[in-house]
Amino acid sequence: MVKSREPFISLALYHAFKWSVVSPMLHAYFRGQIHGEENVPRSGPLVVVSNHASYFDPPIVSNCVRRPVAYMAKEELFEIPVLAQAIKLYGAYPVSRGNADRTTIRAALEYLENNWAVGVFLQGTRTPDGKITDPKRGAALLAAKAKAPLLPVSLWGSERILEKGSKIPRAVPLTIRIGQLIDAPSSTNKEELEAITQKCATAINDMHDLGR
């Protein structure tokens with residue numbers, strides 16, 4: 001049965017983690033600034049697309065859009081029974097290393113069908129400066145199949161959180177900008193998917209260019 005929004009226990013875990021860990025760290029340690037929160041629909045299926053420069057990006061994005069965001073997580077984490085149950089409740093779904101297979105796509109679509117927000121890094125991997133140079137069509141394909149709007153989000157500064165070889169996050173300033181909703185593609189036609197993908201990339205890069 002399709003649910004109107006995320007399960008109560010997932011919402012409870014989200015808010016517990018957000019207010020006890022992520023939000024205090026974002027605002028006190030990283031001096032985070034958030035712009036555009038009013039652009040986020042509070043419920044319903046949503047594909048959140050963003051740039052990606054740090055391992056810290058998924059919880060930061062989820063914190064800033066003020067609702068749980070389901071992200072892919074490496075399949076090895078799901079082999080640990082207690083952890084597997086916890087991250088599933090929080091919205092994680094498994095992906096094979098280096099292989100976003102059909103099972104992963106079906107899992108993302110299932111979340112969208114149950115009115116979750118699903119997070120997708122538009123370039124599919126981290127970039128050294130946070131800019132998107134080679135966007136992938138996966139997010140647009142999910143949006144087209146689920147008939148869900150896309151929400152562009154820009155993270156500025158997260159590439160400097162961890163220096164090479166360091167395990168301690170640096171207290172760098174972060175700015176998160178949330179753009180206007182972009183309508184889902186009307187079909188899975190390659191040209192339309194590419195056009196929507198480029199529209200998302202342009203929106204994110206334009207927000208990133210605004211800096212702090």
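In strand 6, Ala-117, Gly-119 and Phe-121 point one way, while Val-118 and Val-120 point the other way, and all are buried. Buried means under 20% relative accessible area, exposed over 50%, and partly exposed in between, with a 1.4 Å probe and protein chains only. Because 5 of the 5 residues of strand 6 (residues 117-121) are buried, the strand is largely enclosed by the rest of the structure. Strands (E, at least two residues) and helices (H or I, at least four) are DSSP runs, numbered from the N terminus.

This is a predicted model, in which local features need pLDDT of at least 70 and side-chain atom pairs count only at pLDDT 80 or more, whereas totals for chains, interfaces and linings use all residues. Residues are numbered from 1 along each chain as its sequence is written, and side-chain values use heavy atoms, leaving out hydrogens and water.

Strand 6 runs parallel to strand 2 (residues 46-50), to which 5 bridges join it; two strands pair if DSSP finds at least two bridges between them. Val-48 has Gly-119 of strand 6 as its bridge partner. Strand 3 (residues 69-70) also runs parallel to strand 6, with 2 bridges, and Ala-70 stands opposite Val-118.

Gln-33 belongs to strand 1 (residues 33-35). Its relative accessible area is 31%, so Gln-33 is partly exposed. Leaving aside neighbours within four places in sequence, Gln-33 is in contact (heavy atoms within 4.5 Å) with Leu-174, Thr-175, Ile-176 and Arg-212. Gln-33 and Arg-212 are 179 residues apart in sequence, and 8.2 Å apart in space from C-alpha to C-alpha.

Leu-13 lies in helix 1 (residues 8-29). Leu-13 counts as partly exposed because its relative accessibility is 34%.
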